[in-house]
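Okay, everyone, thanks for coming.

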Amino acid sequence: MLLAQNITLHRSNKKIFEDVNISLSSGKIIILKGKNGSGKTSFIKTILNILEPTSGSIYWKGKNLKKNLYDFYNHVTFIADKTSSIRQLSLYENIKIWKKIFLSDVNDKQIEGLLSILNLKNFLNSKVNTLSLGEVKKLELIRLIIENKKIWILDEPFTNLDISSIEVIEQTFLDHSINNGSIIFSSHQDPHIKVFEEINF
């Protein structure tokens with residue numbers, strides 16, 4: 001589905017990463033490993049067409065990514081290391097906005113179950129700017145279920161999460177993979193789930 005061949009990125013004559021290859025198909029989980037500042041985020045932005053690679057090619061469904069961007073974005077949920085939520089609004093208001101934007105058929109009972117599992121029910125009416133970094137991260141990760149896309153691309157999804165929340169997210173990754181979804185995520189931590197491929201930066 002998503003293929004990147006010999007992707008290289010230089011910025012201001014500095015090599016960020018070089019000759020990276022990925023092949024992401026249904027059910028596959030790929031982890032991008034490396035220390036902070038090693039180029040993982042830049043690589044994610046490159047395969048999302050946010051950054052232009054210095055050299056190499058990226059394809060989606062056999063076509064050059066640039067010629068097939070609309071279809072690609074329709075299949076992808078991207079969770080960045082920074083939140084996309086509106087900090088002046090409540091947790092619940094952000095969820096309502098996301099449901100409307102993505103025409104989500106996830107019902108209130110399902111949302112309530114997610115909030116309960118992630119220990120966020122008590123913060124339903126709290127403004128995002130009053131939440132901890134971990135609580136904001138968990139709110140952001142709810143977008144994976146709301147958007148219901150086949151490909152998940154995440155930048156450091158476990159940062160600021162407690163152990164129980166990490167276990168919930170790891171199980172969610174496994175469930176998505178079993179249901180033929182595919183995932184690329186970066187992490188400087190070792191996950192407790194089986195990944196199909198590890199790319200080191």
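A quick convention before we start: two strands count as paired if DSSP finds at least two bridges between them. Helices (H or I, at least four residues) and strands (E, at least two) are DSSP runs, numbered from the N terminus. Also, this is a predicted model, where local features need pLDDT of at least 70, side-chain atom pairs count only at pLDDT 80 or more, and totals for chains, interfaces and linings use all residues. Residues are numbered from 1 along each chain as its sequence is written, and side-chain values use heavy atoms, with hydrogens and water left out.

So, the antiparallel sheet: it's open, with four strands in the order 2-1-4-5. Strand 2 (14-24) and strand 5 (63-64) sit at the edges with a single partner each, so one side of each has no neighbour in the sheet. Strand 4 (residues 55-60) is joined to strand 5 by two bridges, and Trp60 has Lys63 as its bridge partner there. Helix 1 (residues 40-47) packs on this sheet and touches strand 1 (2-11), strand 2 and strand 4. Contact here is heavy atoms within 4.5 Å.

Strand 3 (residues 29-33) and strand 8 (residues 182-187) run parallel, joined by five bridges, and Leu32 stands opposite Ser186.

How values were computed: Axes fitted to C-alpha atoms, helices over the stretch in contact; angles between N-to-C directions.
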